[in-house]
Amino acid sequence: MEFPNQKELEIFLDVATEAVMTAGVILENLVDKLEKIEEKGRPGDLVTEADKKAEITVLNILKRRVPHHQILAEESGKIGENNSDYLWAIDPLDGTTNYAHGYPASAVSVGLLWQGKPIVGAVYNPFNKELFRAAKGLGATLNYRPIRVSQTSDLSNSLLVTGFAYDRRETKDTNYPEFCYLTHLTQGVRRGGSASLDMVSVACGRLDGYWERGLSPWDIAAGIIILEEAGGKVTAYDQSPLKLETGRLLATNGKIHQSLSQALTEALPWLKAFYA
């Protein structure tokens, strides 16, 4: 199947926009009315009725508008035709822990992959009414206005963001050393609690770089294309091409990419020496 043309991309972007905006209304309406909050297996990995209702809403829209595409949803898993070149990656509530506590940093994230590569994305934070959108070759916008990454070129002048995986209590393979080291090297490191919002914050220049491990495709599919279309760069930690299945991502304005990648390799030795 050929890569979609501009008209098709615009249609898919409209589908993603309808999905995130409609699901966003559900999140907004339920935020202070949750009756049940559950853990999905690991401590801190929460799911609420808002996640489930928002996902059903997104699924219904996709099944109606792109019935022959495959879907990968956080709560429902894979749905649809396995031979499709198109895969929609859905996180109906990215930042569930924030949401469950009433902390207004959550979003609906809907991304479309073509042959495994993100080509369309929409991320909507209903609590501050911010809609981020992008499609391959069509640029990135915030509330329909073009956005670009920051011009920060020195790591020491940068403001970064990261997150901590749900298995952080069970493994030594965490980004705690990186968090400490980069806090030492930069103007600061934030922990937002929503991967999609972290990525779009880099895309619009509020932050300069982001890294994280333990991610799933639905966490980052939309954010990747939005960031790339805003002029940013997304790779594996070592700057090799990103493989979504690894769950490890380095995303920056492009100007600090190499220095941030290098710093990630220096973090653990530095921390050991610091506490020696």
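This is a predicted model: local features need pLDDT of at least 70, side-chain atom pairs count only at pLDDT 80 or more; totals for chains, interfaces and linings use all residues.
A residue is called buried here when its relative accessible area is under 20%, exposed when that value is over 50%, and partly exposed in between. You will find Tyr-99 in helix H3, which spans residues 96-100.

What does the ring of Tyr-99 pair with? Its partner is Phe-127: the ring centres are 6.0 Å apart and the planes meet at 50 degrees, so the pair is tilted. Phe-127 belongs to the loop between strand E7 (117-125) and strand E8 (130-135), so the pair ties together parts of the chain that are 28 residues apart in sequence.

A second tilted pair is worth a visit: Tyr-181 and Trp-270, with 5.1 Å from centre to centre and 40 degrees between the planes. Here too distant parts of the chain are linked, since Tyr-181 sits in helix H4 and Trp-270 in helix H7 (residues 257-274), 89 residues apart. Tyr-181 has 9% relative accessibility and therefore counts as buried. Elsewhere, ring pairs join Phe-12, Tyr-86 and Trp-88 into a cluster. Over the whole structure, the search finds seven aromatic pairs.

Which residues of H4 are buried? In this helix, residues 176-185, they are Pro-177, Glu-178, Tyr-181 and Leu-182. These residues cover an arc of only 115 degrees around the axis, so they lie on the same side of H4.

Our last stop is a pair of helices. Two packed helices are described by the angle between their axes and the distance between those axes. Helix H5 (residues 195-203) packs with helix H6 (residues 217-229) at an angle of about 5 degrees, and their axes are 8 Å apart. Because angles under 35 degrees count as roughly parallel, H5 is roughly parallel to H6. On the H5 side, the contact is made by Ala-195, Ser-196, Met-199, Val-200, Val-202 and Ala-203. H6 contributes Asp-219, Ile-220, Gly-223, Ile-224, Ile-226 and Leu-227. By class, this contact between H5 and H6 has nine nonpolar residues, two polar ones and one charged one.

Terms used: Residues are numbered from 1 along each chain as its sequence is written. Side-chain values use heavy atoms; hydrogens and water are left out. Axes are lines fitted to C-alpha atoms, for helices over the stretch in contact, and angles run from 0 to 180 degrees between N-to-C directions. Helices (H or I, at least four residues) and strands (E, at least two) are DSSP runs, numbered from the N terminus. Angles under 35 degrees count as roughly parallel, over 145 as roughly antiparallel, 65 to 115 as roughly perpendicular and the rest as oblique. Contact means heavy atoms within 4.5 Å. Ala, Val, Leu, Ile, Met, Phe, Trp, Tyr, Cys and Pro count as nonpolar, Asp, Glu, Lys and Arg as charged, and the others, Gly among them, as polar. Buried means under 20% relative accessible area, exposed over 50%, partly exposed in between (1.4 Å probe, protein chains only). The arc is that of the directions from the helix axis to the C-beta atoms. Rings of Phe, Tyr and Trp (its six-membered ring) pair if their centres lie within 6.5 Å; planes under 30 degrees apart count as stacked, over 60 as edge-to-face and the rest as tilted.
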